[in-house]
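Q: Can you walk me through this one? I'm new to it.

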Amino acid sequence: MSKVDFELTIVGAGVAGINAAYRFQTEGPKSMSFTILEGRDSIGGTWDLFRYPGIRSDSDIFTFGFQWNAWEKQETIAMGPEIRDYMRRSAAMHGIDKHIQFNQKVTAANWNSKAQYWELTIQSGKYEESVRNLTTRFIYLGTGYYNYQEPRQTTVPGIENFKGKVIHPQFWPEDYDYRRKDMVVIGSGATAITIVPAVADKVKHVTMLQRSPTYVMPLPNRGLMVRFLFGIFPRRMAYWINRWIWIIQVYALIQICGVAPRLVRWMVRRENERLLPPTVSWNPHFNPKYNPWEQRMCASMDGDLFAALRSGKASVLTDTIDSVGEQSIRLTSGHEVHADVIVTATGLQLLFGGGIRFTKDGKDVTVPNRFLWRSGMLQDIPNLFFTIGFENASWTLGCDCAAYVMIRVIKQVKGSGYQSAHPYLEEERAASMPQKQHLTLKATYLNGVQEQLPKGGTGVWAPRDNYMTGLLQAKYGDITTDLIME
């Protein structure tokens with residue numbers, strides 16, 4: 001058996017990577033070495049990179065937090081800096097931080113069939129000034145499926161004419177002073193709905209300019225149920241109960257949206273109209289053209305977006321951009337909005353595996369042409385594990401399912417005396433298998449999902465559709481069908 005530098009290499013020290021490391025060192029084979037390669041200089045992933053005003057979790061923190069390190073506070077939504085600090089504490093608490101190599105960006109990975117290991121090419125150093133190589137038996141990609149180097153490019157007519165500041169939230173300048181400025185935030189998703197109330201008290205005025213609206217529901221940051229549970233139960237028990245309540249109620253909400261969309265729409269409208277000022281109408285500004293949960297709903301923490309609108313410091317416009325001038329944006333309706341700064345909150349760019357070039361014996365691996373086995377391994381590619389999150393639950397829950405699949409496969413390989421495992425699908429079955437997308441929401445940034453991410457199918461190739469069944473399958477389900485060990 002060929003020796004390797006590490007038995008397992010985890011790429012990324014964000015939520016997925018830290019969680020996988022914990023699961024591996026507590027439940028994986030004890031004799032196996034592992035390392036975490038992080039391209040940046042700190043732990044946190046998304047929560048270390050994104051620094052725009054008001055950044056916070058877009059799902060409840062009780063399920064977004066690690067199951068093995070209970071979130072200590074009672075607030076439902078957590079702010080970005082709090083999440084980043086929590087991740088660092090979690091990693092240090094279990095010695096995971098000692099396994100992290102920072103400023104190590106993996107650019108290429110080649111599977112060597114003869115040696116039965118992965119050969120990694122790494123740009124090393126804060127400025128990627130040197131290149132080194134590393135061998136590893138297994139890879140776990142904690143990279144998510146978004147491009148953190150380049151945001152999603154959206155055409156804004158005439159933006160090159162603008163004399164003010166143009167900012168994408170993904171790269172918010174740390175020292176930018178937006179006080180007493182007219183700000184226009186282009187977008188209607190979670191990022192826009194977060195930024196608008198966060199800046200409203202400092203800017204001269206902020207306008208949320210949207211082409212089409214999103215369902216927005218106010219969410220109390222400390223609900224009655226949380227206060228009740230933490231008031232009568234020990235903290236750990238209260239956390240466990242509350243976590244499962246959130247898992248079940250979000251799943252139930254989505255099912256209700258599917259069978260009774262008009263009822264949900266009416267409930268959202270009633271709550272919106274109760275909070276909106278008389279100067280802002282529900283239609284068209286909060287009246288989406290699609291049914292609830294065909295795209296993800298956005299949460300407004302304690303109704304902060306509506307409070308900003310009531311204050312008069314914020315407004316919303318539903319229109320399309322005709323052109324951008326030196327100091328203003330002209331809309332198709334003829335309306336013109338003055339701007340000192342334009343924020344393009346138009347979404348993220350999809351990217352598989354952090355942009356790593358994958359090859360097998362020197363030949364390029366085409367990811368979109370392959371199916372994903374157990375929502376975690378690529379067809380015909382050995383010892384490579386990947387995370388696909390849930391559309392109806394927090395990212396961390398999907399990460400946990402992926403980690404369990406990885407550990408079970410590695411244990412099976414090692415316990416059987418083999419060195420590798422790869423999912424196999426005959427050409428005839430692959431050609432006839434019904435295809436399913438892993439991400440089905442109708443969001444603009446998901447338009448090109450088929451060109452970036454692997455395919456889903458049926459049986460062991462089917463996408464995970466909810467956490468409860470996904471966790472059972474990951475921990476106890478079949479991991480022998482269509483899996484070949486060598």
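A: Leu397, Cys401, Tyr404, Val405 and Arg408 in helix 11 meet Tyr467, Gly470, Leu471, Gln473, Ala474, Lys475 and Tyr476 in helix 13. Contact means heavy atoms within 4.5 Å. Helices (H or I, at least four residues) and strands (E, at least two) are DSSP runs, numbered from the N terminus.

Q: What classes do the residues of the contact of helix 11 with helix 13 divide into?
A: Eight are nonpolar, two polar and two charged. Ala, Val, Leu, Ile, Met, Phe, Trp, Tyr, Cys and Pro count as nonpolar, Asp, Glu, Lys and Arg as charged, and the others, Gly among them, as polar.

Q: Where did the model come from, and how is it numbered?
A: It is a predicted model, where local features need pLDDT of at least 70, side-chain atom pairs count only at pLDDT 80 or more, and totals for chains, interfaces and linings use all residues. Residues are numbered from 1 along each chain as its sequence is written, and side-chain values use heavy atoms, with hydrogens and water left out.

Q: Back to those helices. At what angle do the axes of helix 11 and helix 13 cross?
A: Roughly 15 degrees, and the axes of helix 11 (residues 395-415) and helix 13 (residues 467-476) come within 8 Å. That makes helix 11 roughly parallel to helix 13. Axes are lines fitted to C-alpha atoms, for helices over the stretch in contact, and angles run from 0 to 180 degrees between N-to-C directions. Under 35 degrees counts as roughly parallel, over 145 as roughly antiparallel, 65 to 115 as roughly perpendicular and the rest as oblique.

Q: Now helix 6 and helix 7. How do they pack?
A: Helix 6 (residues 224-232) and helix 7 (residues 235-259) pack at about 150 degrees, with axes 8 Å apart. They are therefore roughly antiparallel to each other.

Q: Which residues make the contact?
A: Helix 6 gives Met225, Val226, Leu229 and Phe230. Helix 7 gives Arg235, Ala238, Tyr239, Ile241, Asn242 and Ile245. By class, that contact of helix 6 with helix 7 has eight nonpolar, one polar and one charged.

Q: Which residues in helix 10 are buried?
A: Asp304, Leu305, Phe306, Ala308 and Leu309 are buried. Buried means under 20% relative accessible area, exposed over 50%, partly exposed in between (1.4 Å probe, protein chains only).

Q: What do the buried residues of helix 10 pack against?
A: Helix 5, strand 11 (216-219), helix 8 (261-275), strand 12 (298-301) and strand 13 (314-318). The axes of helix 5 (residues 190-199) and helix 10 (residues 304-311) come within 9 Å and cross at roughly 50 degrees. Helix 5 and helix 10 are therefore oblique to each other.

Q: What follows helix 10?
A: Gly312, with a positive phi near 85 degrees.

Q: New topic. Is Gln116 buried or exposed?
A: Gln116 is buried, with a relative accessible area of 10%. It is found in the loop between strand 4 (104-112) and strand 5 (117-124).

Q: What does the side chain of Gln116 reach?
A: The backbone oxygen of Ser113, at 2.9 Å. Not counting residues up to four places away in sequence, Gln116 touches Trp111, Arg137, Gln419, Ser420 and Glu486.

Q: And where is Thr135 found?
A: In strand 6 (residues 130-141). Thr135 is buried too, with a relative accessible area of 16%. Leaving aside neighbours within four places in sequence, Thr135 is in contact with Lys3, Val4, Asp5, Phe6, Tyr117 and Trp118.

Technical notes. A polar contact is a pair of N or O atoms within 3.5 Å; within protein, one must be able to donate a hydrogen and the other to accept it, and residues adjacent in sequence count only if both atoms are side-chain atoms.
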